[in-house]
Amino acid sequence: MTGDELREKYLIFFEQKGHKIMPSSSLIPRGDPTLLLTSAGMVQFKPYFTGDAVPPSPRLASCQKCFRTTDIGSVGNFKHLTFFEMLGNFSIGDYFKKEAIAWAWEFVLDWLKIPTEKLWVTIFLDDDESFGYWQDVGVSAERIMRCGEKDNFWGPAGETGPCGPCSEIHYDFGEQFSCGPDCSPSCGCGRFLEIWNLVFTEYYQDASKKRTPLPRKNIDTGMGLERTATVIQGKRSFYETDLFAPIVQRVSQLTGQKYGNNEKTDRAMRIVAEHGRAVTFLIADGVIPSNEGRGYVLRRILRRAALFGRTLGLDRPFLGEVATEVNARMGHIYPELVKNRDAVLKVTNTEETRFGETLSTGLSLLNQLMEQAKAKADKKISGEDIFKLYDTYGFPAELTAEMAADNGLSVDQEGFEAEMEQQRERARAAHKFTAYVDVGTRFSLVAIPPSTDFVGYKSLKHKSSVMLLIPGSKWSGSSLFSVSKGQDVGIILLETPFYAEMGGQVGDKGEIRGKKGKVEVTNTVKVTQQDSDLVVHFGKVVEGTISLNDVVEAKVDKYRRLDIARNHTATHLLHAALRQVLGSHVHQAGSLVAPDRFRFDFTFEAPVLKEELAQIQRIVNESIRRNLPVTKKEMPYTQAVTEGAIALFGEKYGDVVRTVRVGQAKSPLSFEVCGGTHVDRTGDISFFQIVSEGSIGSGMRRIEAVTGRGAERLVEDRFSTLEKIAQELQVPAANIESKIASTLEELDSERKRAVALERQLSKETAESLLTQAESVKGVSVLAVKVSASNMDALRHTGDVLRDKLGSAVVVLGAVWDDKPNFLAVVTPDLVSRGLNAGDIVKKVAQATGGSGGGRPQLGQGGGRDKEKLEQALKLVAQLVEEKV
């Protein structure tokens, strides 16, 4: 039975048992910020188990793509994988232990034809109910083992979630693989292989690890496809099954080494095959290499594969070819592999090439460090050295630790973490925002009012009362009763229509007016202190006085707010257009939404082509012209992500979130979790124009753009510049391009003529200079000032003089751009006598406050003080005399 047939049989079996077959979800978990990557089949069904969403059926089954990071360093042996397929059947408040156990046994015996004498079962210590059900289906008591929480209690997929006791089916390879008389399924000796885990989810575990009974009992099972294929195909490892063998064979072809001849090279080939498969799926699902989060996981395994590929003799990028094999083998099951094939190849090639540039040097340094560590008493590589390998040569710290362990060494992990924290602290210091810093250190000295209510979604003008007055433009740790004209102040109101800076959107500006005074608000920020979310309005008192407890009117600058709203909604349209043109693996990585412009950072591995950029801009403007509705709605976070809302990975969301939907409810153009301010219809944006696109780091791009009034100003400025150029060129604006082309052609012609004339002049000048050569200890020396406009002209004169003199030291000086420049030429016969043009010109240039250098026969340099040029040239004879 092939792996494909096994997958198909499983889904057919449970479909016949009334289960709805669900497609695999992405490896990027949707709506679960506690999870780095999808690690189990139940991840996509978590909202159903917790009661936050209604399942399409109480019985579900799937074959889920999974990735677990815990075993990366162990990949290469016969037991561990990072990426794998998990077959699973699930019950949401429907059937429970009895049916789950009966159906599992039926499938294993009747559909897979595995002999009962090859199977063992484990259960949780006090799970007598499961013990009875296993006996009911024919499993003898002596083949049912009771195990503790470590082996037979299944924790949540993430920090929180459903959990409960479990029961496992193990395959017995035979006593010949036993570790001794006490050998059991809980051993790790290799005799037993767990093929199916039945989890009875009865509890919910919160962040404090407290477990409470779920409203309904559920079933969550997982059968490892690769493990089960190993058993039914009569193999001893995953790599021998039809799921892996073609990939291993491709690695063998690439390396020219036969699999099975040498355990060291076999292990390296297994690592390349496994990581190559995992890399392919991660990138196809939208993960991009980076130095944090899931991007770091991808970078780590990709570089581990590249490193072991190097040990197999692969000194060029090769993972793209492994990915192509994975695509050919699994693309019919997972169409995203085919759809994102080009993106996978581009990312792997770029990342491999980048790592390859430093790999040899890094390996050399690591080998040197390991030799030094072997000579030390503690046999340890320092944290500082691990950080250098990571920061300078791109070696993941885990990879350094793994290679050190292979050589009997340890690493100073704490020291490395300390170095990383110092780097993070340097980064924080470079981006520090003073107001926020002072909040944390000084704000707690004053009485903290309750959280500020934000009413600015519906109104830009609102009456409120002053809760706190903080003097100055920075936190002073004290509160005032009143502030007067000319004073800087931070005001906290009970309610406010002012949007505080967050989510990439800048804070509002406007005014706060009371009966006796007015404050001009120049910035609005949000801070959290003692469980209060406070909005602070920074500004200056421009009229009268403002006092504590005053009733005031807070009024937002509505034109500025509308400019910001146009730009913010445009970021959503841009995000959707990027995913449409470049691929669904593109994700937002950050943004800045200001009134005059916005920038949008996104994950993508290569520059966006000019044609692609034009298409993206057309799509956004077409969406604007369609005047689509922009619907803002609050809903439970789990409901939002279940309905398909895009949420940023790493963001902290509350239980209830605000969503922004562009277009129709059933098939929106864009649907995102977002607390920012937006227009009501896309037509309000008016016009969208991309200003620039470029790289901001590995796998990260940035687009800057304008909309509305900002776009209008840009167009006006561009047209104004065009008109000025047309006037200068004395042609209509429509003819500028052809006029510039002809002018450049004329300039190029004149430039060539000038160069020819200068060369002719330099030749004639050289003829007249020959008589100025002097003899120094039998060496002909010529050091003179000449007229030249660039180094090429100076070099041409030097060539003529060298050829005319035959044997000589020639040093020429000339002034251009108001600075002295020098050229030195030494003929080969004099080089053999110890003279060096680079050394001579270096000392001559130093005499004018500059520097120089070069080869023995030719050198050049430059200085700062042109008045010292002739004095510097007089040094040449002395320098020659000292050397000869």
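Strand β21 (residues 588-593) pairs with β22 in the antiparallel sense over five bridges, in a model that is predicted. Residue numbers start from 1 along each chain as its sequence is written, local features need pLDDT of at least 70, and side-chain atom pairs count only at pLDDT 80 or more. Totals for chains, interfaces and linings use all residues, while side-chain values use heavy atoms, with hydrogens and water left out.

**Around strand β22**

- A hairpin is formed by β21 and β22, with four residues between them.
- Looking at individual bridges, G590 has D601 in β22 as its partner.
- β22 also runs antiparallel to strand β27 (residues 700-707), joined by six bridges, and T603 has M700 in β27 as its bridge partner.
- Five of the six residues of β22 are buried, so the strand is largely enclosed by the rest of the structure. Buried means under 20% relative accessible area, exposed over 50%, and partly exposed in between, using a 1.4 Å probe and protein chains only.

**Aromatic rings**

- The whole structure holds 31 aromatic pairs. Rings of Phe, Tyr and Trp (its six-membered ring) pair if their centres lie within 6.5 Å; planes under 30 degrees apart count as stacked, over 60 as edge-to-face and the rest as tilted.
- One of these pairs is F45 with Y48, stacked at 6.1 Å centre to centre with 25° between the planes. F45 is buried at a relative accessible area of 0%, and Y48 is buried at 11%.
- F598 and F688 are stacked too, because their ring centres are 6.2 Å apart and their planes lie at 25°. This pair links distant parts of the chain, with F598 in β22 (residues 598-603) and F688 in strand β26 (residues 688-697), 90 residues apart.
- F598 is buried, with a relative accessible area of 0%, and F688 is buried, also with 0%.
- Ring pairs join Y10, F13, F14, F107, W111 and W196 into a cluster.

**Helix α17**

- Helix α17 (residues 558-582) has 25 residues and reaches 36 Å from its first C-alpha to its last, close to the 36 Å expected. The expected span is 1.5 Å times one less than the number of residues.
- Of the 25 residues of α17, 20 are buried, so the helix is largely enclosed by the rest of the structure.
- After α17 comes G583, whose phi is positive, near 125°.

Note on methods. Helices (H or I, at least four residues) and strands (E, at least two) are DSSP runs, numbered from the N terminus. Two strands pair if DSSP finds at least two bridges between them.
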